[in-house]
Structures are given as structure tokens and as C-alpha cells.
Amino acid sequence: MKYLIADIQKILGAKWVQQTDASAHVEFLLLDSRHIAAPAVSLFFALPGKRHDGHRYLVDLHKAGVRHFVVSEQIEPAALPEANILQVPDTLTALQAVAAHHRSRFHVPVVGITGSNGKTVVKEWLEQLLSPDYNIVRSPKSYNSQVGVPLSVWQMQPEHTLAIFEAGISQPGEMERLARIIRPTIGIFTNIGTAHREGFSSKSQKVWEKMRLFENVETLIYCCDYSEIEDAVRSELGALDKSSKKRVFCWSKEGKDADMQITGIEMMANGFTRITGAFVSSAHLATIEIPFTDAASIENAIHCWVLMYLLDIAQDEIVVRMFRLEPVEMRLELKTGINRCVLVNDFYNNDLNSLRIALQFAAQQARTGRFTVVLSDILQSGEPTDRLYAKVAAAMLEKNVTRLIGIGQEVAAIRDSLPPGFEAIFFQSTDVFLQKIQNVEFENELVLLKGARVYAFERIARRLEQKAHKTVLEVNLSALIYNLNIYSQLLRPGTKMLAMVKASGYGSGSAEVAKLLEFHKVDYLGVAYTDEGVELRQAGVRLPILVLNPDAASFDAIYRYGLEPEVYGLRLLDELARFAGKVKRLAIHLKLDTGMHRLGFEPKDVAEMVSILQQHENLEVRSVFSHLSASDAPQHDSFTHQQAARFAEMFEKIKSGLGYAPLRHLVNTGGIARFPAYHFDMVRLGIGLYGIDASGLQERLRVVNTLKATVSQIKEVPPGDTVGYNRNSGPLDRARRIATISIGYADGLLRLAGGGRYSVSLRGQLAPTIGNVCMDMTMVDVTHIPAAKEGDEVIVFGENPSVQALATCLQTIPYEVFTNISERVKRVYWQE
């Protein structure tokens, strides 16, 4: 469904700032200047933010071909020639109004889902379970926010016969806006927990806010075992007019008065769970089996079961479909591939929206010009094949894909939409491709695997992955950006952000993290040594890069790669001046010693430093900075204030001598929250990106790094025997099950963690070490975990146990734990 820009103007009641073609069509809503798929038919909403304002990118968007804009600020039309520009009081409200109008044109069942957890899984499972009966449109991934919901609803088209949208909120008042957009006819309230609790005064308030989504539904499904939800539903029903046709359907595992009683939950030996329930209306027992055993999956499946029952899906058919439920993978993985390739895995589902998300994620990591997509058929899209693959081709070309490998019966239809000479090869099946893979060259390129689950692309991934140690460090890029945003929200508008990626991104991998941070528009990157900066430049990173520890031997590389050295003393400044002469232009950063007494100019050096710089105007001072000794230690706050005063005094002398004002930055991670007065022009964020903070923000941050190993072998060790080198375990007091796991001190789990001083997590339970930690392996006691088996995943640190727990055991700090992780430990990057 297309809209004229004139239609959009009427829907919004917007003011024409500039009207060049009122009959131009709009097909896509655009919010991010980095995500441009079809510029000529995209409408950009300039959303303001605390750090990034869409109005700043209008000219860049115009250069990229966008010609339709909705703004809230005064805009100079001459800067956007031949563009349609609409002005509204609030661009977010306008975005939501356009989506709400679009929703009003459809009269099909719309399922609205909210709750603390399970929204995305229930939505994805309903799509799996109901797709044989309906042509379904649904929220992409977890698009459930104030901007995600409008983008989700905008996808509705005349061919769709069922819509499923999720809605999430983090503060009062938000759900009312989302409800006007979604207008669900069927509601599912999954559960209530502590997620986003900080935005509400109580759990009860959060329930009532979420209930606003269901004010006008015809049917509401929920579990009455959650007392807060039950109370809210019953209170609302009591206030309804007697003529209301709202139907409430509740279920219970606890024997409460409900429309469906869950009478049995049985874990089966094959990894399935048998769930037995009785629908009051039919007065007979029914059973389903699902291929999951965890409590969350059981709850999610029951919600789906109830909806299928209410939609009159036959119980026999429900049983068959539930048995075939597939896991919902909400992560894209980035791994090292063969022959210097970078491999992006997203082979659990394949639709146009998830393809666009995967292409965007992959493009962030592109290091060379070669970008291959291995793509399966897109199943059950509801669109004509030619139109579907025309959109796929456009999405790939927009992200500069250079080669397509198509697998399936229909994907070859994309040929008609690819430009002449584009490299594309096709195979009838995954089996055929694997038989001929040796004839397909993969070398020094980015490879995206994007396929529906039935094509089993994990088999392709195994062939293309670089074989590595079984121990892995998983890096959650979504959590890293979440943490970045937590700190960004504390900054005044205009304050810049320098992100530290030294020591290989605190052990996480500098290039991968740096490219993500660049995509999310941090202002500067910081590295320890020149070769780290060179590596980032070779990986395609273009942001300004501050090198903290340069030396004279690295000046040439600094100059050639456009790096910016820290200068911390007169000798180094004199060497740099002699290297640069009067011709070579270099951006430099002056480090001041205000009390840390590590590196930096002292007050007595300032006059001579300024004199040298006055003679070398080609050395541009981009910033002046210092380092706080104890920014996260309240007992030393008076010293921190002294440092800030020294810094201000030295800076004024430097500024006066130079005749211009460089940027100032003083606070690091620990000081961002505690000393807003010292944010100055820029702040430096390091360990906080990775979820570690001692200044009071720890509870708000997310875990980024998870170190995982594997159980290599389990032995039954009799009483009296010993475990490990030097028999340091001592004779066992009783028979024990001992698991050997694939991590040792050569990987970063140091010997202090042995002898029961530390415990890893296995099948959700803690297993203490026993005996010494070896170079390549460690033994743990799993006697109390009878389900443990060889091949099981082991969490060394992550959510539980935390890296702080391991640091305490090792008598060190999380920084050292992260940076001690060996290079032989494979890094796997993933994003929700």
C-alpha cells in the first residue's frame, strides 16, 4: 500500500515547509540515516534525542537520495532542493499517527502481546503455529518500543489475514500511545516480573500500565497465577459496561478458578515436556508435547495453546504443530571463518525484515570490498515471488553485497532484479551445495548465512568456520550498546564520547567492537598502542583514534594512518616536533599530570610546552586531558576536586598560549555518573561498556562478556583417590563424579581458581573446582549434578557466576580477568 506525500500531510495536519511534488509516493518510514533501503520512496522522520538528533543528518540523507522529510525544527529549504518537507510539533507523535492511520485501514484479527518476559518467543511461536492457516505479519525481532511498534504496524498489507505485534514499555504513559497504534482485537499478557521495574513505583503500577494495551480487545488471554494481573483484570471487568463483549480467558497451573486448568507437566526422557490441561468449556483432558523443558517455554507454549483453541484450531492439529515447535533464535553471531573470512550466522529464520536486519549487522563488520550472502528460499512470505525477490535484491545492493549464493527452488527468481554482471550462483538444496562447496571460493571476505531453519545452514557454518579451541568468549554486542546508552543519557547535549577499545577491547576484540561503536556514532576511540590503531584503520574504522602510548618509532605509522597521539612530556613533544617539521600536519592530545603521577605534563612544563607548539602550528592540539586517580572512591572526593582544579588552571594557561580552545576531558567510567560538573567537552568510557562500574550504575548495566567451556569427560572417582597434579585435592572422602572442562590457565583461568576456591556453572548449578587448574583444562566436582554429561556447556563467568566473583577469587579486578583471556579463546560476537 502506497501513500502520496499529500496524504501524509493531511493525516498529520502538517505545515508544508517546501512542496515540490505532492503526488510522490511513500513506501517506507525511515528513522536512521544509516538504514536507507529505497531513498526515493522513503519518508524520514527527524527524531530528536539527547545525543543524536535526526535534524543533523538531513543533508546527508538528501545526498543519499531521500526526498521526503518530516521535521519539528525550523529548516532552511534551500539546503534540501527538490525535497518535500513537512513540519510538525513532535516528530515521534507524527510517526505514531501515520502508523495508527495505517492500522485503521485493516479489519483483520490483531494479536497484541505484552508482559515482562516471553513476548518475542510467544509472537514467533504463534507465527510458526498459525502460518498454515493465516498470512501473518508480525513485529520484526523485538520491535516493541515507541518507534519499533510504528515500524511493525506499517508492514501491514492487504494480503495479510492476521497480525501479531508485541509492545514493551519502560515508564508510565507509553502503553497508551502504543495501544492507539496496535489496536489489538486479541490480547496476551504473558507474565509480570522485574524487567524495566525502575520506571514504575510498584509492580502493581506496571501491571496497570501494561493493561492499557487491552482496553478495547475482544479477547484477553492471561495466566491467573500472577496475582497482580488477576487483580487488574478482575477490577477492569467489574468496571465494564454490561453491554461489553470482551471475553477473558485465563489459565492456571495452581488450581485457581480458571477457564483452563493445567493438570500435569511431565518432563520426558527425550527432552520433551508433556503438558495436560482441561478446558472448562469442553470438560475433557487434552495433551500436548513440546521439545523444551524449561519453565519459561512451558508457560509460553500454554499461551499459544490457548489462542489456537480460541481460533478453533483442531486439537489433533495443535498436537502435531506443538510437537514441531522450533527454538526462537534472537541473535546474530559473528565468527572467524576460513581463509581470513568473517562469518555472520543468522540461519534460524528467513523473512524480508530479518534479512534487512542481518544485512545491516553484517555490513557494520565489512573489512574488505567482498561481501557474500548465502541465502535460502524465503518461505510463506505471502508476496508474489517476483515482487518479493525484487525487494531482496534491492536490500542486498543497498548494503553493497558483491556475490549471492542462492539455495532452494525459488530464490533463483532474484536473477531478474540483479544488475548485469552481478555474481550469483544457485543450488537446488543445501546437500547439493555442500557436495560442490570445494568449487566455491571463500577468501578474505564477509559471508552472511541467512536461511530458513529447514535448510539446515548450520551444516554450511560448520564447513566455513575456522576450527578453534572449544572454549569461547561470547560478546553480547546488544548489551554493549545498551551500556553505552546508559552512560550517554548522563551527558549534557553536545558532550562528546570517547570509547576506549585498548587491550583488544578489554579482551573482547577491538576491531569488532570499534566498528559497532562507530556505527552508533561515538565521537572518538582510544587505544593503548599504535599497532592497535593501525589494526582498526586496516579494518575500515574511520573514527578519530587517540593513541595513549606512542613512541618515536611509531610516528611514521601514526602519520600514515591518520592516528592522533597522546603527548605527555617535553621529550616526546620535542621528538614529535622534529618528526613533523613545519610541514606534516598532526592532530595531538596533551596529557596533564594532575595528581595521578603516571604520565603527563606537570605545571612547570606548561610554558616550554606552549613555546614548542607555538613554533609548530602544524601540530594541532585536539584535546587536553588528565586522569582521575580515584573517581569511583567517595573517600577520595576531595582529592578528585583538587585534580579538577589543577586541570582547569593548567588548561587556561595552555589555551591562552595556543590562542584557541582544544577539547577538555577529565572523567573516565567511574567519574561519568559521580562528577557531571567535570564532563567538560568529552568523557572517556572504558570498562563500563562491558558492564563493570563501581560508581553506582552497576545494577543498571548488562553483562557483555560470557566465558564458556565444555565438559570434555566425566569420571566416577572412588573414595581415597586424588584428582589432578601433585594430588593437591587430597584423598576423596567419598566417591565423586569429576568433570574435566576445556579451560586452563593458558586460557585465562588462573591457578588461584583451583582447589575449590571457585565454582563454574553447569546446567544452572555451581560446580566447584577440585585439584589444581591445569594449563589447558580444569576439573570440577559435579557429584550433585546427576544430569551433567560430556559435551555440556559450562559458564566460567557471565550472568552467574559473574566476572566480579572470579576477580575476587583471583585477588584482582575485572579489568585483569578480561585482558588475561588468551588469544586462542575464540571470540563469538552476537546481537539480538
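Trainee: Which residue in S7 is the bridge partner of Val70?
Mentor: This is a predicted model, where local features need pLDDT of at least 70, side-chain atom pairs count only at pLDDT 80 or more, and totals for chains, interfaces and linings use all residues. Residues are numbered from 1 along each chain as its sequence is written, and side-chain values use heavy atoms, leaving out hydrogens and water. Strand S6 (residues 68-71) and strand S7 (residues 84-87) pair in the parallel sense over four bridges; strands are DSSP runs of E, at least two residues, and helices of H or I, at least four, numbered from the N terminus. In S7, Val70 has as its bridge partner Leu86.

Trainee: Which are the edge strands of the open sheet?
Mentor: Five strands make up this mixed sheet, ordered S2-S7-S6-S5-S4, and pairing takes at least two DSSP bridges. Each edge strand pairs on one side only, and these are S2 (15-18) and S4 (28-30).

Trainee: How are H15 and H17 oriented to each other?
Mentor: Helix H15 (residues 477-488) and helix H17 (residues 510-519) pack with axes 11 Å apart, at an angle of about 50°. Angles under 35 degrees count as roughly parallel, over 145 as roughly antiparallel, 65 to 115 as roughly perpendicular and the rest as oblique. H15 and H17 are therefore oblique.

Trainee: Which residues in H17 meet Leu477, Leu480, Ile481 and Leu484 in H15?
Mentor: Contact here means heavy atoms within 4.5 Å. Those four H15 residues meet, in H17, Val513, Leu516 and Leu517.

How values were computed:
Axes are lines fitted to C-alpha atoms, for helices over the stretch in contact, and angles run from 0 to 180 degrees between N-to-C directions.
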